[in-house]
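Below is a short briefing on one protein model.

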Amino acid sequence: MTRVATLAEIAREAGVSTPTVSKVLNGRADVAPSTRERVEELLHEHGYQRRRSSSPSPLLELVFHELESAWAMEVIRGVENVVREEGLSVVLSESSGRLSPGQSWMDGVLARRPTGVVLVLSGLDKAQQAQLTSRDIPFVVMDPAGDPGQEVPAVGTTNWNGGLAATRHLLDLGHRRIAVIAGPLRMMCSRARVDGYRAALDAAGVAVDPALIREGDFHHEAGYREGLALLRLADPPTAIYTGNDLQALGLYKAAGELGLRIPDDLSVVGFDDLPVALWACPPLTTVRQPLTEMAEVATRMVIDIARGNQPSALRVDLATTLVERSSTAPPPSTVHP
């Protein structure tokens, strides 16, 4: 059995004092960055892991890639449903659009020593993963932006199937000029939704037109901007599938400005099924992503890991469902021969 180095041995190898190593372990800010990096490398190299000598704080860290009120509230609701039962409190953070949170966030987490961390549309680089592992702080990624790695617990949804179902619905209505306004294509979920769109067109024998694939950013403005560009094409689409509901609402505004009626002149399908989708005018056909349930599963998973129970599966994908409302109809040429 390999013996794990002590803090004193790591300190000696790093050329610092044992209290300095302790400061790094506890996320103290009063350590030079170069010293911190060297100590972290040695902790990782020696496989150091804090002993379970003291209980973690009754906190759960919830980290968002970006805080979008309607989308984020569904996730927060799911987390709260679980932590309320467990007697934990939530610390909410945002990584300001970065795919990994910064070192200042990490320092705070190491100082707080929470029960666990749930990262939403975000992730951790290898060094950050090692930092949390060495402090015995479990983490789970929900709706990962990239590939979190096979060893990282993650909860997602069937994005590819959602894109397939949305596009197939439009094809079944008779549409052939179908566009997509995706989310950021650097994100795994966005690429999967577009891949589902491509697969549905391919299965129907409809050629994919690159001019009809636009990249957005999951915000209203992208749906509006890319929607105007698509609808002003010489041969515009008769239907548009958007990477999320917020972009669909931006598309509604673009269509209205051009005098197009939904669904008479343009069919629209969103993704997420946020509460606002039901109150859009007309109510939005969308792919339901079970955000609240995903958050509940991720939260229970990280709490179970903190209790020493390994999950039966490190990757869990909950099913998406197409919700048909009033924003889709046969294309105008079919309705008005």
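V180 has I213 of β7 as its bridge partner. The model is predicted.

Sheet
- Six strands make up an open sheet with mixed pairing, in the order β7-β6-β8-β9-β10-β12.
- At the edges lie β7 (213-215) and β12 (321-323), each of which pairs on one side only.
- From one strand to the next, the twist averages 20°.
- Strands of a sheet pair through backbone hydrogen bonds, in either a parallel or an antiparallel manner.

Helices on the sheet
- Helix α9, residues 220-231, packs on the sheet and touches β6, β7 and β8 (239-242).
- The direction of α9 makes about 155° with that of β6.
- Helix α10, residues 245-257, also packs on the sheet, where α10 touches β6, β8, β9 (267-272) and β10 (285-288).
- The direction of α10 makes about 155° with that of β9.

Helix α6
- Helix α6 spans residues 126-134, and its buried residues are Q128, Q129, A130, Q131, L132 and S134.
- The N-terminal end of α6 is capped by D125, with a side-chain oxygen of D125 lying 3.2 Å from the backbone nitrogen of A127.

Key:
Residues are numbered from 1 along each chain as its sequence is written. This is a predicted model: local features need pLDDT of at least 70, side-chain atom pairs count only at pLDDT 80 or more; totals for chains, interfaces and linings use all residues. Side-chain values use heavy atoms; hydrogens and water are left out. Two strands pair if DSSP finds at least two bridges between them. Helices (H or I, at least four residues) and strands (E, at least two) are DSSP runs, numbered from the N terminus. Axes are lines fitted to C-alpha atoms, for helices over the stretch in contact, and angles run from 0 to 180 degrees between N-to-C directions. Contact means heavy atoms within 4.5 Å. Buried means under 20% relative accessible area, exposed over 50%, partly exposed in between (1.4 Å probe, protein chains only). A polar contact is a pair of N or O atoms within 3.5 Å; within protein, one must be able to donate a hydrogen and the other to accept it, and residues adjacent in sequence count only if both atoms are side-chain atoms.
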